[in-house]
Amino acid sequence: MDHGHRSENILEDVCCRIFGKPFVYRSPMIDEPSGKSVELTDVLVLVGDVIVTIQSKSIDVEASKADDIDLGRIEKRYQR
């Protein structure tokens, strides 16, 4: 299992604990006008009449071994 999938599992688990499993949807799919199915978001949460979408970003870096290149990649991901 890659680190991206693990981080999405953690995110889903946290959302289920906070909002309740019936209100949390992992990787919901939508159909584009072309008929192609695409993932809407990593986690979708229904909170009353509000929809919260969460897109997870992750990078597998051992903190003690991170160099300037790794730190630049991390910074770039969080600037989006």
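Predicted model: local features only at pLDDT ≥ 70, side-chain atom pairs only at ≥ 80, totals over all residues.
1. Fold and order of elements. The secondary structure of the protein chain consists of two helices and five strands, and, read from the N terminus, these elements follow the order α-β-β-β-β-β-α.

2. Overall dimensions. The protein chain has a radius of gyration of 16 Å, whereas a compact globule of 80 residues would have one near 12 Å. Taken along the principal axes, the box filled by the C-alpha atoms comes to roughly 45 × 35 × 25 Å. Among contacts in the protein chain with a separation of 6 or more, 21% are made by residues 24 or more positions apart.

3. Asp42. This residue sits in the loop between β3 (37-39) and β4 (43-47). Asp42 counts as buried because its relative accessibility is 2%, where the cut-off for buried is under 20%. The side chain of Asp42 also makes a polar contact, at 3.1 Å, with the side chain of Gln55. When neighbours within four places in sequence are left aside, Asp42 is in contact with Glu8, with Tyr25, Arg26, Ser27 and Pro28, and with Ile54, Gln55 and Ser56.

Conventions:
Residues numbered from 1 in each chain as written. Heavy atoms only, no water. Helix = DSSP H or I, 4+ residues; strand = E, 2+ residues; numbered from the N terminus. Rg over C-alpha atoms; globule rule 2.2 N^0.38 Å. Contact = heavy atoms within 4.5 Å. Buried < 20%, exposed > 50% of the residue type's maximum accessible area, 1.4 Å probe, protein only. Polar contact = N/O pair within 3.5 Å; in protein donor to acceptor, adjacent residues only side chain to side chain.
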